[in-house]
Amino acid sequence: MSVALWIIATLLVFGGLLYYRSSLLVTSLGLVAMFAIGSFFDIVGPVLWVLLAIVLVPLNITAVRRGFISKSLLAMYRKIMPEISETEKDAIDAGTTWWEGELFRGAPEWKNLHSIQKAELSREEQAFLDGPVEEVCKMLNDWEATHELADMPEEVWQYLKDNKFFAMIIKKEYGGLEFSAYAQSRVLQKLAGVSTILASTVGVPNSLGPGELLQHYGTKEQKDYYLPRLATGEEVPCFALTSPEAGSDAGSIPDTGVICKGEWEGKEVVGIRLNFNKRYITLAPVATVLGLAFKLYDPEHLIGDKESLGITAALIPRDTKGVEIGRRHFPLNVPFQNGPIRGEDVFVPLDFIIGGKDMAGKGWRMLVECLSVGRAITLPSNSAGGVKSIALATGAYSYIRRQFNLPVGKMEGVQEAMARIGGNAYLMDAVTSFSTKGIDLGEKPSVISAIAKYHMTEKLRACMDDAMDIHGGKGICLGPNNYLGRGYQGVPVAITVEGANILTRSLMIYGQGAIRCHPYVLEEMLASAESGSEALNRFDKAIFGHIGFAMSNFVRSLALGLGGYRFSSAPYKDSTKQYYQQMNRFSANLALLSDVAMGVLGGSLKRKQRISARLGDMLSYLYIGSATLKRFADEGRQHEDLPLLHWAMQDTLHKLQESQLELLDNFGFVGKAMRVIMYPLGRFVKRPSDRLDSKVAKILLKPNASRERLGAGQFLAPEGQFGYLEQTLLDIIEAEPLHDRVQRAANKRIPFIFLDKVAAQGKELGVLSDDEVALLERAEQGRLRVINVDDFAHEDLMAGKAAREWALENQGKNQGKKSDAA
């Protein structure tokens, strides 16, 4: 054996052991074996053996490794490790790690993904969707609510209370529905397809609010009093966190509570004197009980030794002296109940704290844990439901609407936008189903919730833009027949609330994900904060596991980048195999880049927000891709759905690739070096092709099984706008052969308009039956309703002071006319 061959063989053995993540002992034995082979062929002499021993012996003798190497590394780690604030620590500690942790390990176990049970509704949950949810969708006219009333009608409010829409999360023992997170998501999706006001109003009490907080942290007395009243709608809750000075940085709220003695119901008690100024509080104008977050202080040490106790959450009845419910905000013509609340010198007893005195100062942890659940349900579900309805409506409209005597949906430019809507609708439903299933399994997915909130609301924004482009004038003219306009106006609300998207992407997703999901970093941090021999033992295990992990991901990234990903494992051998294999490669890249970024930038990584954002994009797209593949498998791997799956996966992985390349391009010399390792053969993922775009668009244009699955669960009753669209689409499809028959009989080309006149001509020619004439006439009525837009008298568009002045002026004119007539 030549020296060169032995070196190559040794490197391959060493690399293989690292690739498959062998233990330190096994890897060491592998190197010893290769050196023994080298000695047999007179390649390895005593000097190389000594050098190998110098490296391997200290590493494999635990006492030596810990006493010298790990001890020095721990001292260095403590010096460079940035201090973590209390709020950051709470955010890291709150919640759990689920599938996103598997993606962070660089070698996902796909069998674990597909072993997770499919999300399904119980019979009771399905009955609620088919009954009360269907009924309230029929009751609400969104134009009336947004333009005429600036609120939902009283009968809708009462129906929601009577049917416990605000009690989906409340346990049955307190009179609630106790629905699964998945069921809540399905309800919100259906409501969102009808009205943003309706979905927001129902979503908020079932998300971060008094009901959620009480069930997890409330005292028995608080639960027994409030939860039954919340379940029946006797109490309407809101939760006040955001202040003018504290939006996404909720930890900096200036609102205060000072523990002191005061009078309550005629007696002197120890309580809290509150001063607060909150805004953007959904349901505040109609709430009867306010959940309030504030910073609590105990300057007289009435309940303990600490003066500054931290963020605390309390329940305050609306009629408490000093509480002021402000006027309403007007969020972008989507006037769900939202407004400010203020309080000056509001005194309440200590037992108003959620959980009582023992939970004083523990509010931030409570909020972070509950928000990690609610944020994964409400806004992602509203977004997914909106896009599902938009996909069906845009497909129907694009077939009904003709230009150049051709359905606009058959034009390639329109198909490009339709493909984005259809592919994202498939993907978004997958993400919400998978994420809510995690919650139902007991997870509190703080990282997943940030991913779902950011990406689903951003995809809603993109799909709304595409739908508006396709609908043109139909989309921009508001009125009762416009099913896009209010949703389009309201998109920035979803982008802004529950953590503004810019900060969610640049700070939260990876900021929490890097520590929560990394298999070793959190353990290193915890060990470094401790002292004594146990801390050293704990750190030793973590740091050497981390070193081996990083070396493995280096080898895996290089091997997979050289084309080896095509031979990596995948659970299926069909056309989806490529996506699992590409994600194997990206997962290894993410794990390696995370270690490189943390090693090079250290504590300054959290200040390098664009690097953090792109690392977060990589984790996000891996999660989104996983959810999409899971949906395809859960639904029986339907061949007809492959265009939707292919589009969603190719778009997702292409975006992932570009985020990674942008990161490398903006990471200086380190990025250039990493690019050589990760992309030695250049880009390997392509965006969806024109041909694939066309296939997705065709699914949306006409009724078919894939289209039904895409819009499953949405409100399509004839009373609704989308149901009317669906019926008109069916009528137009049935009318086409009748139109062709009349053309042939007339022996001339007839435009596909004025179908009532075509019907009359067909009857005169004797080629249409009475039923066929009626069908054409109905199709024409539907066609005109679909393509026409609303118009108004000037006074109908006036509001506020101008409308009142106009009414008074015209009232005077009308009275004058009556006098003249007399």
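A surface patch here is made of residues with over 30% relative accessible area and no salt bridge, like charges being joined within 9 Å. Keep that in mind as you move through this predicted model.

**Stop one: the positive patch.** Select Lys 410, Arg 691, Lys 695, Lys 698 and Lys 702. Together they form a patch of positive charge on the surface. Now click on Lys 698, which sits in helix α28, residues 690-701. Lys 698 has a relative accessibility of 53%, so it counts as exposed.

**Stop two: the whole chain.** Zoom out and switch to a cartoon view. You will find 33 helices and nine strands. Along the principal axes, the C-alpha atoms fill a box of roughly 120 × 90 × 45 Å. A compact globule of 822 residues would have a radius of gyration near 28 Å, and the 31 Å of this chain agrees with that. Of the 822 residues, 55% count as buried.

The salt bridges come to 33, and the next stops visit some of them. Select Lys 630 and Asp 634, whose side chains meet at 2.9 Å, N to O. Both belong to helix α25 (residues 609-634), where they are four residues apart, about one turn of the helix.

**Stop four: from a loop to a helix.** Next, pick Glu 640 and Arg 709, which form a salt bridge at 3.9 Å, N to O. This pair links distant parts of the chain: Glu 640 is in the loop between α25 and α26 (642-665), Arg 709 is in helix α29 (residues 705-710), and 69 residues separate them. Glu 640 counts as partly exposed at 44% relative accessibility; Arg 709 is also partly exposed, at 22%.

**Stop five: from helix to helix.** Move on to Asp 731 and Arg 778, a salt bridge of 3.0 Å, N to O. Here too distant parts of the chain are linked, with Asp 731 in helix α30 (residues 721-746) and Arg 778 in helix α32 (residues 770-787), 47 residues apart. Asp 731 is buried, at 3% relative accessibility, whereas Arg 778 is partly exposed, at 40%.

**Last stop: a network.** Finally, select Arg 186, Lys 388, Asp 429, Arg 631 and Glu 635. Salt bridges with shared partners join these residues into one network.

Key:
Residues numbered from 1 in each chain as written. Predicted model: local features only at pLDDT ≥ 70, side-chain atom pairs only at ≥ 80, totals over all residues. Heavy atoms only, no water. Patch = residues over 30% accessible without salt bridge, like charges linked within 9 Å, V, L, I, M, F, W, Y side chains within 5 Å. Areas by Shrake-Rupley, 256 points an atom, 1.4 Å probe, with all protein chains shown as cover. Salt bridge = Lys/Arg side-chain N within 4 Å of Asp/Glu carboxyl O. Lys, Arg positive; Asp, Glu negative; His and termini not counted. Charge placed at Lys NZ, Arg CZ, Asp CG, Glu CD. Helix = DSSP H or I, 4+ residues; strand = E, 2+ residues; numbered from the N terminus. Buried < 20%, exposed > 50% of the residue type's maximum accessible area, 1.4 Å probe, protein only. Rg over C-alpha atoms; globule rule 2.2 N^0.38 Å.
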